[in-house]
Amino acid sequence: MVDQSWRDQPVGMAADTIALAAGRIAEHAREHHLRSVWVVLHGGEPLLTGTDTIARIARAFRGSSFAGIDVQLDVQTNATLLDERYLRVFAEYRVRVGVSLDGARAAHDLYRRFANGNGSHEQTMRGLRLLQAPAYRHLFAGILCTIDIDNEPLKVYDYLSGLEPPVIDFLLPHGNWSAPPPGKGTTPYADWLIPIFDRWYSGGNVEVRLFQEIVQLVLGGRSGTEAVGLTPSTVLVIETDGSLEQVDTLKSTYQGAADTGLHLADNPIDEALRHPSIAARQIGLAGLAQKCQKCTIGTVCGGGYYPHRYRAGEGFLNPSVYCADLMKLISHVRARVVADIGRRAGKSHADHS
Ligand code: SF4
């Protein structure tokens with residue numbers, strides 16, 4: 001990504017920083033009477049830190065300072081290092097495992113390669129098979145797939161759903177108006193996702209988060225993430241040195257974009273809420289560009305994911321760089337859902353008369 005600040009960070013989190021992070025999160029949860037918090041270990045690649053550090057982190061969040069608070073602990077990994085030692089630690093501390101996988105070998109190895117250029121699909125699948133063993137299957141949190149429009153969409157979907165993950169997360173690549181995502185034509189990402197949606201909607205047996213979120217919003221509900229809808233931002237990143245940062249995908253926009261200037265040693269987590277970019281992501285429709293405020297699907301789309309709205313020299317008060325894709329995808333989903341409701345209403349009317 002554009003931001004290279006990771007180069008100045010410690011490669012792993014020191015024991016006192018882990019204790020500080022857990023202490024600040026517990027303090028925040030108690031002050032706000034939160035019944036649950038969600039802690040995700042991610043990188044880079046978190047399993048590079050070793051089982052001892054992962055176990056230390058897990059112990060910190062399973063300790064007495066979180067009594068009465070439901071802590072959901074997850075790790076997001078490429079699974080190449082996932083082995084029995086890690087899985088035993090995850091099972092002991094109830095750490096769920098999300099796996100990054102972009103499809104079958106050719107699709108996955110297009111970009112997910114080791115430094116020597118070799119693809120990582122074989123190692124990822126070895127880790128995934130261990131995770132799917134009966135002793136660990138309950139820890140499987142789902143698959144995260146970054147969309148690559150060069151891959152055939154239905155092949156990717158069939159392959160991933162065939163692995164029976166609890167959920168598939170399709171992620172749009174982190175492009176913006178100054179560094180547009182790859183792809184030709186006006187709506188390459190909608191054109192990639194719509195065939196998958198149609199197959200899934202007609203009887204898919206796996207959760208696909210993006211589609212479920214859009215359907216829920218079309219029906220008047222709320223989304224659970226910021227990717228679509230007007231759900232306030234609820235994510236902060238704690239860097240390995242204890243700095244508080246905004247969501248790390250902002251690092252796709254400009255150097256320092258995720259900075260808050262806050263550090264856990266000096267600042268409680270609440271102070272992040274006063275940061276202008278975080279505040280802008282708490283105020284719903286009023287925080288969107290004029291075009292999005294007037295958009296016919298504005299409350300469903302929500303202007304798209306915040307980092308995708310960036311344009312150098314202007315900032316984030318823009319529609320998403322995926323505007324045309326989102327318009328086409330959401331309109332398609334809405335049309336299918338509305339047609340379905342109409343059919344069911346008609347059937348129910350006929351049944352009663
Ligand atoms: S479809 Fe485009 S204009 Fe409408 S809310 Fe989404 S990004 Fe904004």
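Strand 2 and strand 3 run parallel to each other and are paired over 5 bridges. Two strands count as paired if DSSP finds at least two bridges between them. Helices (H or I, at least four residues) and strands (E, at least two) are DSSP runs, numbered from the N terminus. The structure is a predicted model, in which local features need pLDDT of at least 70 and side-chain atom pairs count only at pLDDT 80 or more, while totals for chains, interfaces and linings use all residues. Residues are numbered from 1 along each chain as its sequence is written, and side-chain values use heavy atoms, with hydrogens and water left out.

## The sheet

Strands of a sheet pair through backbone hydrogen bonds, either parallel or antiparallel. Here an open sheet of 6 strands has the order 1-2-3-4-5-6, with parallel pairing. Strand 1 and strand 6 (207-208) stand at the edges with a single partner strand each, so one side of each has no neighbour in the sheet. Strand 1 is joined to strand 2 by 6 bridges, and the two run parallel. Leu 41 stands opposite Val 75 in strand 2, and Gln 76 faces Gly 98 in strand 3. Strand 3 is mostly covered, with 5 of its 6 residues buried. Buried means under 20% relative accessible area, exposed over 50%, and partly exposed in between (1.4 Å probe, protein chains only).

In helix 2 (residues 51-61), the buried residues are Thr 51, Thr 53, Ile 54, Ala 55, Ile 57, Ala 58 and Phe 61. The buried residues of this helix pack against helix 1 (15-31), strand 1 (36-41), strand 2 (70-77), helix 3 (84-93) and strand 3 (95-100).

In soluble globular proteins, nonpolar side chains tend to be buried together. A nonpolar core is a set of buried Ala, Val, Leu, Ile, Met, Phe, Trp, Tyr and Cys residues joined through side-chain atoms within 4.5 Å. The largest nonpolar core has 81 residues, and Phe 90 and Phe 170 have the most contacts inside it. Helix 7 gives the most to this core, with 8 residues. Apart from neighbours within four places in sequence, Phe 90 is in contact (heavy atoms within 4.5 Å) with Leu 47, Ile 54, Val 75, Leu 82, Val 95, Val 97 and Leu 139. A second, separate core has 8 residues, among them Val 247, Ala 257, Ala 258 and Phe 316.

## Aromatic pairs

A pair of aromatic rings is described by the distance of the centres and the angle of the planes. Rings of Phe, Tyr and Trp (its six-membered ring) pair if their centres lie within 6.5 Å; planes under 30 degrees apart count as stacked, over 60 as edge-to-face and the rest as tilted. By this rule there are 11 aromatic pairs. Two of them involve Phe 197.

| Pair | Centre to centre | Angle between planes | Kind |
|---|---|---|---|
| Phe 197 and Trp 200 | 5.9 Å | 50° | tilted |
| Phe 197 and Phe 211 | 5.3 Å | 85° | edge-to-face |

Phe 197 and Trp 200 are 3 residues apart in helix 7 (residues 188-201), and therefore about one helical turn separates them. Phe 197, Trp 200, Tyr 201 and Phe 211 form one aromatic cluster.

Cys 323 belongs to helix 12 (residues 323-352) and is partly exposed, with a relative accessible area of 24%. Cys 323 and Gly 303 are 20 residues apart in sequence, and their C-alpha atoms are 7.5 Å apart in space.

Ala 227 lies in the loop between helix 8 and strand 7 (237-238). Leaving aside neighbours within four places in sequence, Ala 227 is in contact with Cys 301, Gly 304 and Tyr 305.
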